Amino acid sequence: QKEVEQNSGPLSVPEGAIASLNCTYSDRGSQSFFWYRQYSGKSPELIMFIYSNGDKEDGRFTAQLNKASQYVSLLIRDSQPSDSATYLCAVNGDNYGQNFVFGPGTRLSVLP
Amino acid sequence: NAGVTQTPKFQVLKTGQSMTLQCAQDMNHNSMYWYRQDPGMGLRLIYYSASEGTTDKGEVPNGYNVSRLNKREFSLRLESAAPSQTSVYFCASSEGILAKNIQYFGAGTRLSVL
């Protein structure tokens with residue numbers, strides 16, 4: 001059973017701080033990694049994807065991947081109240097999504 | 001573009017009733033997926049279709065059937081609904097190519113089985 005684990009939270013950070021979200025996965029063959037944001041009552045929307053070790057930056061968001069340690073993280077700089085949502089980590093091992101596994105999500109609360 | 005469209009948005013069923021959830025995408029994607037989302041359990045894959053004409057079971061297929069009607073449409077059928085199938089159902093689609101296997105989600109169907 002391939003697993004993706006996340007701290008369920010809630011993770012509370014003050015406005016303007018850096019929020020750090022972590023995800024670990026069990027399948028060493030995993031090839032691509034995704035972070036989705038899900039507001040309450042809404043559908044998941046993609047924030048970032050990464051498939052090479054290291055960091056990938058997009059605006060206030062940075063994804064970090066360490067395949068040797070089997071973890072992927074998401075940093076949100078200058079956190080805003082509008083960033084308050086559940087963040088889902090997803091891991092994909094093949095072309096067709098058969099091994100596309102989501103973590104349970106971490107609930108982030110950014111306090112004004 | 002509408003992206004991924006799901007119907008209906010809400011549904012209440014009695015135990016034993018049947019229904020079909022509809023999903024259509026206008027992004028010319030090859031792959032389509034059905035997930036259910038329950039509190040604290042994230043998204044779990046029910047069925048997927050790698051390409052038109054093929055379907056495969058995911059993690060939790062029992063009690064469901066699917067049809068890939070054409071490249072655009074992928075439906076999910078509950079033949080005899082059970083209270084355990086109360087959930088939020090999401091349809092998603094992707095290009096299906098490894099480096100671009102980004103999944104785009106519909107708005108979801110909130111199903112209650114009484």
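Strands here are DSSP runs of E with at least two residues, numbered from the N terminus. With that in hand, open the model, which is a predicted one.

**Stop 1: chain A as a whole**

Select chain A and switch to cartoon. Chain A holds 11 strands and zero helices. Follow the chain from the N terminus: the order reads β-β-β-β-β-β-β-β-β-β-β.

Now show the C-alpha trace. Along its principal axes, the trace of chain A spans about 40 × 30 × 20 Å. The radius of gyration of chain A is 13 Å, which agrees with the value near 13 Å for a compact globule of 112 residues.

Among contacts in chain A with a separation of 6 or more, 54% link residues 24 or more positions apart.

Chain A exposes about 5,300 Å² of accessible surface, and carbon and sulfur atoms own 45% of that. Of its 112 residues, 43% count as buried. Colour by charge next: chain A carries 9 positive and 11 negative charges, and their mean positions lie 2 Å apart.

**Stop 2: two cis prolines**

Select A:Gly9 and A:Pro10. The peptide bond between them is cis, with omega near 10°. A:Pro10 sits in the loop between strand 1 (4-6) and strand 2 (11-14) of chain A.

Move to chain B and select B:Thr7 with B:Pro8. A cis peptide bond joins this pair, with omega about -5°. Look for B:Pro8 in the loop between strand 1 (4-7) and strand 2 (10-13) of chain B.

**Stop 3: positive phi in chain A**

Select A:Gln70. Its phi is positive, about 60°, although the residue is not a glycine. A:Gln70 lies in the loop between strand 7 (61-66) and strand 8 (71-76). Is A:Gln70 buried or exposed? A:Gln70 counts as buried because its relative accessibility is 11%, under the 20% cut-off.

Go on to A:Asp78, another residue other than glycine with a positive phi, here near 50°. A:Asp78 lies in the loop between strand 8 and strand 9 (85-92) of chain A. A:Asp78 is partly exposed, with a relative accessible area of 41%.

**Stop 4: from chain B to chain A**

Select B:Gln37, in strand 4 (residues 31-37) of chain B. B:Gln37 is buried, at 17% relative accessible area. Which side chain makes a polar contact with the side chain of B:Gln37? That of A:Gln38, at 2.9 Å.

Show the surroundings. Leaving out residues up to four places away in sequence, B:Gln37 touches A:Gln38 and A:Leu88 in chain A. In chain B, B:Gln37 touches B:Gly42, B:Leu43, B:Ser87, B:Val88 and B:Phe90.

Methods:
Residues numbered from 1 in each chain as written. Chains lettered and ligands numbered in written order. Predicted model: local features only at pLDDT ≥ 70, side-chain atom pairs only at ≥ 80, totals over all residues. Heavy atoms only, no water. Helix = DSSP H or I, 4+ residues; strand = E, 2+ residues; numbered from the N terminus. Rg over C-alpha atoms; globule rule 2.2 N^0.38 Å. Buried < 20%, exposed > 50% of the residue type's maximum accessible area, 1.4 Å probe, protein only. Contact = heavy atoms within 4.5 Å. Areas by Shrake-Rupley, 256 points an atom, 1.4 Å probe, with all protein chains shown as cover. Lys, Arg positive; Asp, Glu negative; His and termini not counted. Charge placed at Lys NZ, Arg CZ, Asp CG, Glu CD. Polar contact = N/O pair within 3.5 Å; in protein donor to acceptor, adjacent residues only side chain to side chain.
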